Amino acid sequence: MPDLQGPSSLAKSVPEKAAVLSACFYPQVQADLTDILETIDDIDAIPWSATQPVNGAGTTDNSPLATRTAAPWMVAAILNHAKMDKAPGADGIPYRFLKAMGEPLTVAVAGLLTQCWRAEYYPAAFRSARTVVLRKPNKPNYSKAEAWRPIALLNTVAKILETITAHQLCNLAEQQHMLPDTQMGNCSNWSTETALELLTEQIQTVWTSKRHVASVLSLDMSGAFNTVNHTQLLDNL
């Protein structure tokens, strides 16, 4: 990595470059939090028992997440679709090693996830990620932090636990109609192609009318994920 341009001077050492990249990737964002009546300072304080997911077979299960049981086949299904040599997290364990362990591993991970649900707790070790920095393609100047992007690498076991839980929550949100009908992202049977087809169909429909005009507003939220205020996000959730 070349020397990076910092706020006042060039960052030459590894710690100096890390500081410049960190400030670029994870800026401290100020937000108006006056409308929040009660803040949650600890993620562990958020109760999971209020959620009511749908099981993987597609049938409704109205029991709280804390009373449900994760099945070994859920773990096996993720391993079957995972890229075997995808970069692992800090523990260095790849998916290939987990898949080679077979049924003993799937049973153990399913039991671990079940206990996480019942205890309403997600281990702190699984929230830790190893961040690597990659060049963005075709940038004219790599001495600027904006020409680089961070990739967070979670431990593979942690990604399995998160994926299964996320599937449960996604199924629930769709079945309970918690998402607007016009949302395309992260919804089953919807894609960018679907969104474009809907957009062009609406525009062409308006063109047939002599009393209406079609207009489109497109927004690109630059750095939205890294700049979101966590206190506001937790309050919204």
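This is a predicted model: local features need pLDDT of at least 70, side-chain atom pairs count only at pLDDT 80 or more; totals for chains, interfaces and linings use all residues.

Residues are numbered from 1 along each chain as its sequence is written, and side-chain values use heavy atoms, with hydrogens and water left out.

Q: Why are helices H2 and H5 called roughly perpendicular to each other?
A: The axes of H2 (residues 72-81) and H5 (residues 156-175) cross at roughly 110°, and angles of 65 to 115 degrees count as roughly perpendicular, so the two helices are described in that way.

Q: Which residues make the contact of H2 with H5?
A: With contact meaning heavy atoms within 4.5 Å, Met74, Val75, Ile78 and Leu79 of H2 meet Ile160, Thr163, Ile164 and Gln168 of H5.

Q: What makes the pair of Arg96 and Asp85 a salt bridge?
A: The closest N and O atoms of Arg96 and Asp85 are 2.9 Å apart, and the term asks for a side-chain nitrogen of Lys or Arg within 4 Å of a carboxyl oxygen of Asp or Glu, so the pair qualifies.

Q: What does the pair of Arg96 and Asp85 tie together?
A: Arg96 lies in helix H3 (residues 95-101) and Asp85 in the loop between H2 and H3, so parts that are 11 residues apart in sequence are tied together.

Q: Which residues does Ile203 contact, leaving aside its neighbours within four places in sequence?
A: Ile203, placed in helix H6, is in contact with Ala214 and Val216.

Note on methods:
Axes are lines fitted to C-alpha atoms, for helices over the stretch in contact, and angles run from 0 to 180 degrees between N-to-C directions. Helices (H or I, at least four residues) and strands (E, at least two) are DSSP runs, numbered from the N terminus. Angles under 35 degrees count as roughly parallel, over 145 as roughly antiparallel, 65 to 115 as roughly perpendicular and the rest as oblique.
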